Amino acid sequence: MKFINTDMTRKYYFILILIIIIISSSCNPIHNKENKVEELLEQMTLEEKIGQMNQLMNFSPNIPIDSSFYQLIKNGKIGSILNAMSPEMIHEMQSIAVEESRLGIPLLVGRDIIHGYRTIFPVNIGLAATFNTELIKETTSIAAKEARSEGVNWTFAPMMDIARDPRWGRMVESCGEDPYLAEQMAIASIEGFQGKNLSNKNSIAATAKHFVGYGAAIGGRDYNSTLIPEIELRNVYLRPFKAAIDANVATVMSGFNDLNGVPTSGNVYTLREILKNEWNFNGFVISDWGSINNLQQHGYAKDEIDATIKALEAGVDMDMSSSLYLNNLKSLVDNGSVKEELINDAVRRILKIKLDLNLFENPYATNDNELLTEQALDIAKKTVIQSTVLLQNKNKTLPLSRNIKKVAVIGPLADAPHEQMGTWVFDGKSENVITPLNALKNFLGAERVNYAPGLKISRTRNKNGFADAIKAARNSDVVLLFMGDESILTGEAHCRAELTLPGYQNELIEEISKLGKPTILVMMTGVIHMVEPYLDKVDALLYGWHPGTMGGPGYVDLLFGIESPSGKLPMTFPRTEGQIPIYYSHNNTGHPASDESWVRMYDIPVKAWQTSLGNTNHYLDYGLEPLFEFGFGLSYTEFSYSDIKLSNKAITMSDSLIISTTIKNTGGYQAEDVAQLYIRDLVGSIVRPIKELKRFKRIRLNPGEEKTIEFVLYPKDLEFHNGEEWLIEPGEFNIWVGNSSKAELESKFELK
Ligand code: BGC
């Protein structure tokens with residue numbers, strides 16, 4: 001009989017397991033990264049650590065860069081640069097960091113790549129109008145590849161501020177009013193920018209901004225205070241950010257606004273408690289431009305020292321361009337006012353992202369020369385087609401016949417390549433842009449196009465060009481008006497109290513409409529205009545946003561019916577500015593209004609009894625309805641929705657619910673539609689919105705074709721925050737499907 005020494009065997013097993021653990025942990029990339037971060041941290045002086053927390057822009061375009069900036073990088077006093085003037089400059093600065101600084105820590109090269117890098121896609125509110133997450137992912141993946149090919153490794157996007165006030169200039173960078181749409185678009189953008197893995201050579205780090213509530217600026221005036229109750233903060237404004245964190249966004253940017261009295265760049269509650277503690281965010285937080293310094297202007301910090309301490313303690317890890325961390329943190333640690341542990345935590349987070357991006361191995365431009373590829377331009381055109389919203393099409397004026405003899409092309413945006421790229425474009429070039437005029441000449445031949453802009457720019461206030469424009473219109477079979485805004489009239493700090501066309505554009509539309517020619521208005525803008533006055537002056541209205549590089553070819557495909565419009569409004573279009581804020585997902589009042597309950601101002605009898613009008617929630621002059629609702633957008637065909645079926649009439653907390661509906665193309669064109677699913681929680685422990693978007697799906701159907709599609713909902717989708725905690729409450733829910741927020745095909749279910 002063989003004698004087995006069990007003690008010895010156990011010992012061997014133990015040693016074997018130990019060896020396996022050691023080997024596998026040394027192969028574990030997460031473990032390696034953590035080690036590398038700790039190794040670096042140990043070698044770093046306090047000044048070098050603070051340097052990592054400092055981000056600066058070099059304003060001089062000169063190469064070689066001036067000696068003071070050179071010294072800062074060489075001495076490890078800059079961890080990141082932003083918005084550098086050229087790829088050559090990026091390369092120079094990166095090589096100083098990598099080759100000449102003591103520890104060779106690469107720079108994060110940040111840039112505002114907001115709706116494309118060299119290939120410019122429609123502005124973000126237009127991208128949201130596509131309701132197409134796969135397409136959005138493609139746009140950001142193209143932008144990442146292009147950016148990385150020139151040495152940029154970090155973008156300050158996506159912006160995920162909810163915008164419910166179109167006066168706010170930055171609504172153009174947003175996905176509009178709805179938290180679910182914003183959340184889905186944010187996830188898609190992040191996946192495109194960051195790729196499957198940040199370490200891929202074509203990935204760049206993304207930024208969820210602006211944390212948080214920035215879009216709720218009072219009066220729609222940029223940078224203004226925001227007052228957001230906890231219920232709304234959680235259910236609306238924080239939602240896309242939570243989704244971004246779950247999608248592993250690398251960085252978060254704090255904002256310029258004060259939130260309920262506390263500036264968001266010094267806000268312990270939002271940054272430290274919610275983002276870092278509750279959500280376990282393990283990337284890093286960058287301030288917005290100079291917003292640490294701004295704590296003084298807010299009256300929240302008494303001086304630079306106070307501002308530095310407040311921002312750091314709140315959880316801002318990197319200081320964008322105010323240099324307060326650089327100038328003050330060392331002495332604050334030395335005199336005991338700031339704990340070095342806070343600095344170590346910030347630096348760990350920053351180094352982790354640098355390692356995740358593989359910058360130590362791969363700090364420079366990929367030089368892949370992948371700019372404006374055929375694939376990128378195709379996607380850009382597709383985004384124009386899917387983002388443009390058809391708001392009116394009287395007598396089926398559109399699509400136009402390809403045999404049309406002459407087309408008048410009028411308006412200050414018809415041939416304005418710079419303007420059609422929209423706001424926040426640093427790297428797009430006018431010479432790569434195809435304007436509507438050029439695309440129409442390509443498509444029809446120059447001899448069939450009568451071009452007369454009528455107005456030089458969108459703000460022109462004289463009628464010198466009117467006679468030529470009217471003549472061009474008279475000599476044509478159809479008039480195409482390309483009206484809108486120069487890009488500078490939209491975006492950051494460019495808010496408008498009056499949302500109407502600037503200059504003499506209204507007058508030009510008026511004059512042209514008198515000619516009685518079939519007239520199509522294409523709005524090229526980043527602003528939501530009060531378009532009601534134009535509806536009886538033009539036959540068709542396409543809302544084409546600022547469409548970017550491929551605007552012209554995209555519009556041509558739509559105008560001539562090669563594709564049908566399929567964009568849907570990501571923001572409610574009011575009839576007048578006085579209705580703002582107006583959004584579909586509001587609560588019911590105790591006095592809900594309807595069209596029947598609204599007694600029009602001029603119908604009120606003289607000396608009518610005070611309560612005789614019925615006391616409901618509307619304006620006497622404008623009623624309650626917007627001009628066009630959220631989710632709205634026409635097509636060249638018609639779609640019918642029928643047969644809503646639910647897998648169950650009642651579900652429990654552990655079930656899911658399948659909702660199916662049949663969609664039929666009942667018109668004569670192949671086209672896409674966006675099927676939208678809304679719910680209403682009928683009775684809640686707090687008042688719940690009258691409708692909430694929960695799912696959407698793009699479908700393409702041939703004439704006469706029908707498809708049954710399915711949506712799946714989970715109890716988690718019915719969750720809401722009551723100001724203190726998240727709840728999923730049993731009860732009855734209405735459910736609707738259709739192709740706008742007015743969806744009427746209805747069913748009901750119960751959550752038990
Ligand atoms: C904007 C940010 C932007 C930053 C850097 C700020 O003014 O608010 O959104 O990323 O500038 O350019």
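Biologist: Before we go on, what pLDDT do side-chain atom pairs need in order to count?

Modeller: Residues are numbered from 1 along each chain as its sequence is written, and side-chain values use heavy atoms, leaving out hydrogens and water. As this is a predicted model, local features need pLDDT of at least 70, totals for chains, interfaces and linings use all residues, and side-chain atom pairs count only at pLDDT 80 or more.

Biologist: Is Asp485 buried or exposed?

Modeller: Buried means under 20% relative accessible area, exposed means over 50%, and partly exposed is in between (1.4 Å probe, protein chains only). Arg496 has 15%, so it counts as buried. Asp485 comes in at 0%, so it is also buried.

Biologist: Okay, now Arg102. Which residue does Arg102 meet in a salt bridge?

Modeller: Side chains of opposite charge can pair when their charged atoms come close. For Arg102, the N-to-O distance to its partner is 2.7 Å. Arg102 lies in the loop between helix 5 (87–100) and strand 3 (108–111), while the partner is 54 residues away in helix 3 (residues 46–52). It's Glu48.

Biologist: So is Glu48 buried or exposed?

Modeller: Arg102 has a relative accessible area of 55%, so it is exposed. Glu48 has a relative accessibility of 9%, so it counts as buried.

Biologist: How many residues apart are the parts tied together by Arg234 and Glu278?

Modeller: The side chains of Arg234 and Glu278 meet in a salt bridge at 2.8 Å, N to O. Arg234 is in helix 9 (residues 230–237) and Glu278 in helix 11 (residues 268–278), so the pair ties together parts separated in sequence by 44 residues.

Biologist: How many salt bridges does the structure hold?

Modeller: Besides pairs, there's a network linking Glu563, Glu672, Arg698 and Arg700. For the structure, the count is 42.

Biologist: Helix 11 also has Lys276. How far is a polar atom of the Lys276 side chain from the backbone oxygen of Gly315?

Modeller: Lys276 has a relative accessible area of 5%, so it is buried. A polar contact is a pair of N or O atoms within 3.5 Å; within protein, one must be able to donate a hydrogen and the other to accept it, and residues adjacent in sequence count only if both atoms are side-chain atoms. The distance from Lys276 to the backbone oxygen of Gly315 is 2.8 Å.

Biologist: Now the ligand! How many residues surround the ligand?

Modeller: A residue counts as near if one of its heavy atoms lies within 4 Å of the molecule. The closest are Asp112, Arg170, Lys209, His210 and Asp288. The shell divides into seven nonpolar, two polar and five charged residues, where Ala, Val, Leu, Ile, Met, Phe, Trp, Tyr, Cys and Pro are nonpolar, Asp, Glu, Lys and Arg charged, and the others, Gly among them, polar. The number surrounding the ligand is 14.

Biologist: What share of the exposed area of the ligand does the protein bury?

Modeller: Oxygen atoms of the ligand lie 2.4 Å from a polar side-chain atom of Asp112, 2.7 Å from an N or O atom in the side chain of His210 and 2.9 Å from one in the side chain of Glu492. Taken alone, the ligand exposes 310 Å², an area from the Shrake-Rupley method with a 1.4 Å probe (for residues, only the protein chains shown count as cover). The buried share is 94%.

Technical notes
Salt bridge = Lys/Arg side-chain N within 4 Å of Asp/Glu carboxyl O. Helix = DSSP H or I, 4+ residues; strand = E, 2+ residues; numbered from the N terminus.
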